[in-house]
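Here is a short tour of aromatic and nonpolar side chains for you to follow on screen. Please have your viewer ready.

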Amino acid sequence: MPRRSSPIRPFVAASLLCLAPSVPAFEAVDTLAPSSSGRFLAYGGEPMPLSEYWVQAGAMVDSNILRRTEGSPTETVGRVGVGGRKDTYIYGRQMLRLEGRLDGYLYNRFDDLSNVGYGASGEWHWALGGDLSGVLGISRRRYQRDLAQLQRATRDMITETRYLANAAYAIGPSLRVRGALDRVDFDTSASDLELRTTGGLLGVDYVTPLGNYVGLEYRRANGDAPISERIDPLGVFVDNSFEEQTVALRTGYIGAFLRLTGDIGRTRRTYSDLPGRDFEGTTWRVRADWLVTAKTVLGFETYRRPASIIDIATSHVVARGVAFGPGWAPTAKLNFSARIMRERQEFSGDPGTALAPDVFPLRLEIIRNVRLGAYWEYTRQIHWQFAIDHGSRESNVLDRDFDYNAFIANVRYLFW
C-alpha cells in the first residue's frame with residue numbers, strides 16, 4: 001500500500017497537538033513546525049511515514065508563572081516526554097491510526113504543581129468505494145488547569161474525553177454531503193467543574209476539481225453541567241446546561257500564493273436557567289496564509305465565538321480575536337516565526353452577572369500575546385525549538401491584570 005502524501009514528515013507534534021497536555025507557555029514551541037512542513041513554497045513536504053516516535057526534553061523560565069497582578073517568583077519548569085503515531089492499513093483504504101504522548105512537568109519553586117499529563121487517541125479511517133468515507137475515533141487527554149485562571153499554586157488536572165463519528169459522501173464530481181456526531185466530557189480533579197457536550201452537524205459543499213470548496217453547514221450542540229454552579233456570596237446554585245445552534249457558510253481555497261479556510265454564520269445559545277445570559281450573534285473563524293515569496297509567508301487569523309472554557313467555568317465566554325504572524329525559512333533546516341495576538345473576552349455567560357449585575361458587573365478582559373520562535377532541524381532525527389513568549393491581560397475585575405515573559409527551549413529526537 002503506498003504511503004499517503006502529507007505536508008509534514010518529521011513533525012509528529014503537529015498531529016499530536018490536539019492531544020498535548022501542555023503547560024500553556026510550552027505551546028510556543030509545540031506549535032512550531034520545520035521548513036519542510038509545507039508552509040513554505042521553497043521546501044515541499046515529504047510523505048508521512050506510517051509510524052513515527054519521539055522522545056523530548058525541554059525547559060521554560062517564566063517571570064510570573066501564577067499570572068498574578070503583583071507578580072510571582074520567577075519559575076523554572078522542566079519537561080520530559082515520549083510520544084508517537086502508528087498508521088496501519090487493514091484492508092484497502094481501511095486504516096487504523098493510534099497516537100499517544102506522555103509528558104512530565106517538574107516545577108522548581110512550586111513543587112505542588114508538578115504533574116504528569118497524557119494524550120491518546122485511536123481512529124478508524126474507513127472508506128466504502130470511492131465516494132463514501134469517514135472516521136470513527138476516541139481520544140483522551142489529561143492536563144493542568146490554566147494557571148492564568150487559577151492564579152494560585154493549585155494542581156487541578158482536567159481530563160477531557162472525546163468521541164467522534166463522521167462521514168462524507170461525494171455526489172458526482174462537484175457535490176459533497178457531510179455529517180458528524182461527537183461527544184466531549186470534561187472533569188476536574190480538584191474543583192466542582194464538569195461538562196458533557198453532545199453535538200452533530202450536517203453540511204453540503206460544492207467542490208472544484210482542485211479541491212477548493214464552498215458550502216453550508218448546520219451545527220447543534222447540547223451541554224450538560226451535572227454539578228450546579230454556586231454563586232457566592234448569594235448562596236444560589238445555577239444549572240449551566242445549554243443548547244446551541246449555528247448555521248454557517250464555509251469555504252476553503254488553496255492557490256499558488258494564497259491559502260484560506262473560514263466560516264461565518266449565526267449562533268444562538270440558550271440556557272435552561274437564567275435566559276438573560278443567552279447568546280445570539282454573528283460568529284466566524286478565518287485563517288489565511290499569503291505566500292509572499294518562496295521562503296516567506298504572512299499568516300492572519302480572526303474569530304468570534306461563544307465557548308465553554310472548562311479552565312474558567314462551565315458557562316460561556318464570548319471570545320473575539322485577531323492574530324498576525326510572519327514566517328521566514330532561510331534554509332531547509334531552519335526557519336523563524338512570529339505571532340502577535342489580541343483577544344477580547346466577554347464573560348456574558350456568567351450566571352452571577354445575570355442574577356445580580358450590581359454585585360457582579362460584566363467582566364471584560366483583553367489578552368495580548370507576542371511570540372518569537374525558531375525551529376532548527378539539526379539532523380533528520382534531532383530537532384530544536386526555541387521561543388520567547390510575552391503576554392498580558394487587562395481586566396475590569398480587581399487582581400486579574402498580569403503580564404509575563406517566558407523563554408522556552410525544547411529538543412526532540414525522532415525515530416521510525
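Let's start at tyrosine 206, which is found in strand E8 (strands are DSSP runs of E, at least two residues, numbered from the N terminus). Residues are numbered from 1 along each chain as its sequence is written. This is a predicted model, where local features need pLDDT of at least 70, side-chain atom pairs count only at pLDDT 80 or more, and totals for chains, interfaces and linings use all residues, while side-chain values use heavy atoms, without hydrogens and water.

Tyrosine 206 has a relative accessible area of 45%, so it counts as partly exposed (between buried, under 20%, and exposed, over 50%, with a 1.4 Å probe and protein chains only). Tyr206 also belongs to a nonpolar surface patch, whose members together have about 980 Å² of accessible area. Such patches join nonpolar side chains (Val, Leu, Ile, Met, Phe, Trp, Tyr) within 5 Å, from residues with over 30% relative accessible area and no salt bridge. E9 gives the largest share of this patch, three residues.

Now to the rings: there are eight aromatic pairs, with ring centres within 6.5 Å (stacked under 30 degrees between planes, edge-to-face over 60, the rest tilted; Trp by its six-membered ring). Two of them are tabulated here.

| Pair | Type | Centre to centre | Angle between planes |
|---|---|---|---|
| Tryptophan 376 and tyrosine 378 | edge-to-face | 5.0 Å | 80° |
| Tryptophan 384 and phenylalanine 386 | stacked | 5.8 Å | 0° |

Tryptophan 376 is partly exposed at 36% relative accessibility, and tyrosine 378 is partly exposed at 48%. Elsewhere, ring pairs link Tyr53, Tyr413 and Phe415 into a cluster.

Methods
Patches are made of residues with over 30% relative accessible area and no salt bridge: like charges are joined within 9 Å, nonpolar side chains (Val, Leu, Ile, Met, Phe, Trp, Tyr) within 5 Å. Accessible areas come from the Shrake-Rupley method with a 1.4 Å probe; for residues, only the protein chains shown count as cover. A salt bridge is a side-chain nitrogen of Lys or Arg within 4 Å of a carboxyl oxygen of Asp or Glu. Helices (H or I, at least four residues) and strands (E, at least two) are DSSP runs, numbered from the N terminus.
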